[in-house]
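Please brief me on this protein chain. Keep it short and group the points by topic.

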Amino acid sequence: GAARRLGIPVHPVQDPNGVEFHAVLRGVSPALVLNQSEKLLRKETLSIPRRGFINRHASLLPAHRGRLGSFWSHASEPPTYGVTFHLVDEGIDTGPIVLQQAFQDVDPRWPYPKVMQHLCAKSPALFWEAVARLEADIPPQHMPASDEPPHRFPTLDEVRAYRRVLASRRTA
């Protein structure tokens, strides 16, 4: 919605690795693409924008790579909060870090939707800072290696465990 209000073209696609999307990308010849898809991009797709694809991840990578990083960081003990903008590669949240910001102003007793609202409210300014870094040719930082596999959606048992953690924080 914000992009449309600002007159920035938005091109929803079904298959980001398909020929239709490749044609759109080549037609607009973007320098950079903001990627907020859970679909993995292939090398051919990644090579089209001059500067590549950038992703916003609502946790401090490399911890909590994969799905719902913000949920897993909120559910962990002790919790950590932050946003990472990184370049997209063929891995899962493994591309170089353009900008990373930790937040100390999140109350660990907040419910997860409030945490996400807080992180998302701070993300636009961080996005533009990340873009400015790329424009200034500030080299992204190498993503530290992680032995942990990427997260997936939490199971019902993991959600129940999270609720117990949250309840204990609220009674502490």
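How many positive and negative side chains does the protein chain have, and how far apart do the centres of the two sets lie? There are 21 positive and 17 negative side chains, and the two centres lie 6 Å apart. Lys and Arg count as positive and Asp and Glu as negative, while His and the chain ends are not counted. Each charge is placed at NZ of Lys, CZ of Arg, CG of Asp or CD of Glu.

This is a predicted model, in which local features need pLDDT of at least 70, side-chain atom pairs count only at pLDDT 80 or more, and totals for chains, interfaces and linings use all residues. Residues are numbered from 1 along each chain as its sequence is written, and side-chain values use heavy atoms, with hydrogens and water left out.

**Overall fold**
- The protein chain has six helices and four strands. These are DSSP runs numbered from the N terminus: helices are H or I with at least four residues, strands are E with at least two.
- Along the sequence, the pattern reads α-α-β-α-β-α-β-β-α-α.
- The radius of gyration is 17 Å, close to the 16 Å from the globule rule for 172 residues, so the protein chain is as compact as a globular protein of that length. The radius is taken over C-alpha atoms, and the rule is 2.2 Å times the number of residues to the power 0.38.
- The C-alpha trace spans about 55 × 35 × 30 Å along its principal axes.

**Burial and contacts**
- Of the 172 residues, 38% count as buried. Buried means under 20% relative accessible area (1.4 Å probe, protein chains only).
- Take the contacts between residues at least 6 apart in sequence: 62% of them join residues at least 24 apart. A contact means heavy atoms within 4.5 Å.

**Nonpolar cores**
- The largest nonpolar core has 25 residues, and Ile54, Phe85 and Phe103 touch the most other members. Such a core is a set of buried Ala, Val, Leu, Ile, Met, Phe, Trp, Tyr and Cys residues joined through side-chain atoms within 4.5 Å.
- Helix α5 gives this core its largest share, nine residues.
- Another core lies apart from it, with eight residues, among them Leu25, Val33, Leu46 and Phe53.
- In soluble globular proteins, nonpolar side chains tend to be buried together.

**Phe85 and Ser123**
- Leaving out residues up to four places away in sequence, Phe85 touches residues including Ile54, Leu99, Ser123 and Phe127.
- Ser123 lies in helix α5. Ser123 is buried, with a relative accessible area of 6%.
- With the neighbours up to four places away in sequence not counted, Ser123 touches Arg56, Val83 and Phe85.

Notes. Buried < 20%, exposed > 50% of the residue type's maximum accessible area, 1.4 Å probe, protein only.
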